[in-house]
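Here is a short briefing on one structure. Look it over first, then read the points below.

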Amino acid sequence: MGLSTLFSYAILFGKERSDRGVEDMKEKQYIRQQIKQKTEKLSTRYLRDSEEEIQKQILMLPEFKRAETVFCYISVGKEVSTELILTECFRQGKRVGVPLCTAPGIMEVRQITCMDQLEHGIYGLMEPKRNTPIVEKREIDLGIIPCISADFCGKRLGHGAGYYDRYLSDTEFLKVVLCRKELLWEEIPTDSYDVPMDLVVTEKG
């Protein structure tokens, strides 16, 4: 096989990967639209009851009970609330880290000891104050991660900005994504930069 043939194959393979990437992006956007529509149809009671049960499931995990340092998102909109999880972390004296967006697509984790250390960030999200200490990735034992949807294989669909995938790409701690059962998707398309979750927790376990 000549170099020209190999070069042609490389071009074709690169085009196939590029085409697949475009198709995956389109499919992800389609799923986001479908999940948004499903979410709008969910009752207030289901939203409340499911997020309460999901948080109880987290609190019962042996990995949560053992964890000394917990990284946990601050819920926004109709994301699964993490208020009970954070409250229990504070009560048990666990070290708590929450995300702080520092640049487009980039975030770091800062330690808080109470909810009063949160303020409205530049993106309208509740974030830790800038003077809170950094929590290094290697210090985290458990990560509680949000999603728009997920599948039971641990593939997660976020908002598409890449904050969590960039941050999680070189981490070793256990990653748990919270997702309502009604918002699970049969199979989430993924790319090489999508970080798989170790555990998907719904209100059913």
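Which residue stands opposite L178 in β10? V201 does. This is a predicted model, where local features need pLDDT of at least 70, side-chain atom pairs count only at pLDDT 80 or more, and totals for chains, interfaces and linings use all residues. Residues are numbered from 1 along each chain as its sequence is written, and side-chain values use heavy atoms, with hydrogens and water left out.

**Strand β9 and its partners**
- Helices (H or I, at least four residues) and strands (E, at least two) are DSSP runs, numbered from the N terminus.
- Strands pair if DSSP finds at least two bridges between them.
- β9 pairs with β6 (residues 142–145) in the parallel sense, over 4 bridges.
- In that pairing, L142 stands opposite L174 of β9.
- β10 (residues 199–201) also runs parallel to β9, joined by 3 bridges.
- Buried means under 20% relative accessible area, exposed over 50%, and partly exposed in between (1.4 Å probe, protein chains only).

**Helix α2**
- The buried residues here are Y46, L47, S50, E51, I54, Q55, Q57 and I58.
- They lie on the same side of α2, because their arc around the axis is only 155 degrees, taken from the directions from the helix axis to the C-beta atoms.
- On the other side, T44, R45 and M60 are exposed.
- The buried residues of α2 pack against α3 (62–66), α4 (83–92), β6, β9 and β10, where contact means heavy atoms within 4.5 Å.
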